[in-house]
Amino acid sequence: MNKQVSQIGVVGLVLLAALILGTTYWQTWANAGLADRQDNEIRLVAQFTIKRGTIYAGDSRTPLAVNVSKKIGGQTLYFRRYPTGPLFSDVVGYSTQSRNRTGLERSYNDYLTGSNANLDTIFRSAIDKLKGSTVTGNDVVLTLRPNLQALARRLMQGKCGAVVALEPTTGRVLAMVTNPAYNPNLIEKQFNQATRSNAPCGASLLNRATAGKYQPGSTFKMVTAAAALDTGRFTPDSPFYDPGYCVEYGQRVRNAGNPEAPETFGPVNLTTGFEHSINSVFCNVGKTLGAGTVLRYAQRFGFYSVPPLETPDNERVASGLYNHGRLFRPKQPQFEVDPGRLAFGQERLQVTPLQMAMVAAAIANHGVLMRPQLVERVVSPSGTTVTHLKPQVLSQPIKRQTADQLTQMMELAVTGGTGTAAQIPGIRVAGKTGTAEIGRGNVNTTWFACFAPAETPRIAIAVVVENQNGGFGGTVSAPIAKQIMEALLR
Amino acid sequence: MIAVGVMTAVGFASVYIARKSVVSTASLTYAGLFFGLYAVAHLVVRATVPFADPYLLPIVGLLTGVGLTEIYRLNPDDAFKQAGWIVVGVALFTLALVLLRHDYRRLEVYKYLFGITAIALLVLPVLPVIGLTVNGARLWVHFGPLRFQPGELAKVMLIVFLAGYMREKREVLAQGRLKDWGPLLVIWALAMLVLLETKDLGGGLLYFGIFLAMLYMATARIGYVAAGLGLFLVGAVGVWRVTPHVRERVTIWLHPWTDHKVYCPLSGQFDLRQNCESFQLVKSLYSIGNGEYGGTGLGKGTFLTLPAGNSPPHPIIPDLNTDFIYSALAQELGLIGAAALLLVYMIFVLRGMRTSLLAQDGFSKLFAAGLTFGFALQTFIIVGGILRIIPLTGITLPFVSYGGSSVVANFLLLAGLLLVSNRANREMLR
């Protein structure tokens with residue numbers, strides 16, 4: 001009987017050995033496939049065992065995103081808490097359990113979780129894993145100034161729109177505010193309440209500063225004027241006659257928003273046209289240059305491409321002509337685009353506040369457009385700097401001389417034109433107003449784009465406010481921009 | 001005997017170190033009590049069966065220690081109950097050794113009694129009032145708060161019966177006369193019917209496997225095994241056709257994941273199969289996969305979901321500390337730990353088979369080999385099911401899973417092996 005017993009014994013051992021093989025298969029060969037499965041909750045939980053880095057405001061002190069640890073089932077999990085609530089929410093975004101991440105929490109996830117491909121970080125994370133200790137991510141310090149951010153938020157209270165403030169010489173984003181904002185702390189448990197606001201519009205999850213599309217109105221005249229001067233076809237003194245309207249395709253296009261009392265300036269030059277935002281002047285400039293040239297200059301300022309920024313790609317949109325909600329690139333602009341309306345910012349133009357801030361910043365920086373950047377530096381838990389902001393030239397859309405001429409024109413618009421509300425005693429402010437009719441009676445989108453001080457610019461701002469009944473760029477948006485500039489410069 | 005000490009010490013050291021990561025203060029007294037329990041068991045073994053195989057008890061100590069540790073990690077309340085059951089198991093183990101220390105072969109006389117009792121035990125859960133259905137299988141008997149799975153005990157009894165009967169009739173069985181097969185087949189058919197009725201597929205497979213293995217050892221006729229396997233296949237196909245429960249198990253086994261939504265009988269709606277019927281299997285595979293080579297470390301595995309929205313965390317895998325304890329261990333101990341655990345099972349099987357080989361008489365040989373093979377097969381059925389080697393059927397992992405009936409029955413299994421081994425070694429020395 002011993003032979004049979006041995007055989008059965010071998011069978012038993014083979015069965016058990018098969019189990020070792022099976023376990024090996026699942027834990028090594030098949031593991032990658034298992035880890036990628038959508039319904040693998042273990043992987044989801046694993047993301048929360050990492051102590052994410054803290055996100056700080058530009059003062060390196062104000063924490064914007066911190067961790068709260070919780071013991072769950074023998075594991076320490078780290079959940080996010082946002083001490084400043086809605087103040088920075090559109091930039092910082094959120095990282096919660098049941099939703100996809102947004103904002104920098106998403107685009108900087110690698111840095112924040114210590115999984116970025118930086119030698120120092122790789123080494124440290126690997127050591128942490130081997131030791132079995134908690135993996136700690138890198139801290140991220142932003143360029144945003146907490147005081148400017150708070151001020152802009154306060155000024156936008158009860159309004160819908162956005163404020164973007166850039167440092168023209170470096171591209172640093174000093175403030176980026178969208179209203180209405182959401183409270184990231186409520187996203188996980190009270191989503192409906194998180195997105196509720198007292199502003200008269202919805203879509204509080206939308207980062208209007210980078211993804212809100214607005215008609216630029218007269219702020220686009222900065223681009224048209226840049227094209228006019230930079231091509232050499234016009235000078236600031238080029239003469240025009242303003243009859244109060246401009247003839248396009250045999251029809252009169254009146255100047256200002258109120259068709260019953262059109263302002264008529266008579267003989268003027270380009271500078272006066274800019275100062276008082278005379279549509280007929282720019283209409284004629286547009287017709288002379290052609291839509292193609294104006295659009296080409298718009299492109300040089302960054303239109304038609306998604307502006308670079310550290311936030312996720314899908315939270316930014318390109319500016320330009322839009323047709324049925326899609327970016328429209330005319331193949332034959334001379335036939336497809338109305339040059340006069342384009343020149344004073346109508347047609348089908350849709351722009352983001354970030355893009356208009358970039359135009360103002362490029363003019364301020366003597367024609368050199370700096371890449372806008374939000375992240376000042378990334379710091380490892382041990383205190384060493386992983387990356388830090390290096391100012392980068394994005395392009396040079398216009399010549400230095402053009403920029404300086406434009407600056408003078410924009411200064412005049414503030415000292416004696418449409419933007420007088422932005423005046424700051426003792427500081428030279430350059431600006432351009434914009435008021436876009438949205439086709440509902442007197443309701444306008446109001447704009448102001450500006451920078452200061454004009455001789456050595458330290459801040460360039462674009463402010464947009466939606467749905468202003470009877471409001472204009474010069475009355476609604478310019479005062480907001482003024483206070484933000486004052487806060488920085490004084 | 002030195003080996004016993006070393007093995008036990010290593011076992012307890014590992015258990016203790018592992019425990020320390022979970023609890024810090026209670027662990028010392030806890031480990032101390034556990035050590036004391038096995039010290040008592042060891043003394044009992046020395047006193048009653050001094051010649052018994054020195055590896056078996058320490059291995060069981062190690063396995064129960066690992067199991068208890070993991071159960072504690074998953075659910076401390078269950079661990080205290082389990083510890084209680086281990087005490088009961090050791091007590092019955094002691095009782096069995098004391099009663100049968102002179103000659104366990106007395107059992108052979110009562111083989112029919114054992115056979116019939118086994119069937120009776122299997123039938124118990126089907127009875128109204130005391131029967132209880134858990135997870136679709138009617139395997140439980142309850143008296144008030146006390147629940148018991150009599151099938152586990154029936155396993156050991158059936159092996160006693162089979163060993164006794166086959167020892168007696170092995171020659172005639174080999175000739176294949178129907179008259180001698182009668183009682184065997186009657187008891188067998190009854191057992192299988194009961195298992196079918198209780199939907200205990202894992203149990204059915206286990207008993208059938210033990211039966212075939214013992215039949216082969218007794219008769220040395222490979223043809224019986226082939227015929228048995230053939231019958232099993234025919235039966236399996238038949239059962240597959242008539243029982244939706246079985247069909248479902250096979251479908252889950254072959255296609256646990258679907259890309260499109262299929263009808264989900266659990267909710268009555270359409271859903272991906274991994275969210276429905278194969279939920280448990282798939283989550284368990286994720287758990288195993290997450291262990292990789294080194295494991296997450298004891299106490300650091302992920303067994304709960306994240307709190308999402310307003311709902312608190314809930315277990316990812318249901319029944320984790322009973323049927324699925326292997327996937328918990330595989331995650332926390334990794335491939336190294338899981339393989340080591342399986343190697344421990346293999347050592348147990350080796351020692352058990354060695355006992356059978358050394359035994360002098362047919363009953364002892366069949367008894368020891370039957371117990372050992374049952375032990376190996378039961379491990380294979382549950383772990384193989386978890387690893388998708390075979391269709392998954394719920395059954396406990398010997399000595400490791402949470403479950404009083406299982407622990408007690410397996411301690412009796414251990415007692416049986418030690419008794420056989422003691423006698424065999426004593427006769428060798430003579």
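Two strands pair if DSSP finds at least two bridges between them. Helices (H or I, at least four residues) and strands (E, at least two) are DSSP runs, numbered from the N terminus.

A:Leu321 has A:Leu349 as its bridge partner in S13(A). The strands involved are S11 (residues 320-323) and S13 (residues 349-350) of chain A, which pair in the antiparallel sense over 2 bridges.

S11(A) also pairs with strand S12 (residues 326-327) of chain A, again antiparallel and over 2 bridges. S11(A) and S12(A) make a hairpin with 2 residues between them, and in the turn A:His324 has a positive phi of about 55°. Together, the 3 strands form an open sheet in the order S12-S11-S13 (chain A), with antiparallel pairing. S12 and S13 of chain A are at the edges with a single partner strand each, so one side of each has no neighbour in the sheet.

## Numbering and confidence

Residues are numbered from 1 along each chain as its sequence is written, while chains are lettered from A and ligands numbered from 1 in the order in which they are written. Because this is a predicted model, local features need pLDDT of at least 70 and side-chain atom pairs count only at pLDDT 80 or more, whereas totals for chains, interfaces and linings use all residues.

pLDDT is the predictor's confidence in each residue, from 0 to 100. Chain B has a mean pLDDT of 82, with 88% of its residues at 70 or more. Among the elements of chain B, helix H13 (residues 362-386) has the highest mean pLDDT (94) and helix H1 (residues 2-22) the lowest (52). Residues 19-24 of chain B stay under 50. Where pLDDT is low, the predicted coordinates should not be read in detail. For the complex, the predictor gives an ipTM of 0.90 and a pTM of 0.76.

## Two domains in chain A

Chain A is assigned domain 1 (43-142) and domain 2 (147-489), with bounds that come from an automatic or database domain assignment. Their centres, taken over C-alpha atoms, are 34 Å apart. The contact between them takes 32 residues from domain 1 and 28 residues from domain 2 of chain A; two residues are in contact if their C-beta atoms, placed from the backbone, lie within 7 Å.

On the domain 1 side, the elements giving two or more residues are helix H4 (89-92), helix H5 (103-107), helix H7 (119-131) and strand S4 (139-142) of chain A.

## Where the chains meet

Between the chains, 42 residues of chain A are in contact with 55 residues of chain B. On the chain A side, helix H1 (2-29), helix H2 (31-36) and helix H3 (41-47) each supply at least two residues. H1(A) gives the most, with 19 residues.

## Around B:Leu418

Which residues does B:Leu418 contact, leaving aside its neighbours within four places in sequence? They are B:Val45, B:Val49, B:Ala52, B:Asp53, B:Leu56 and B:Leu97.
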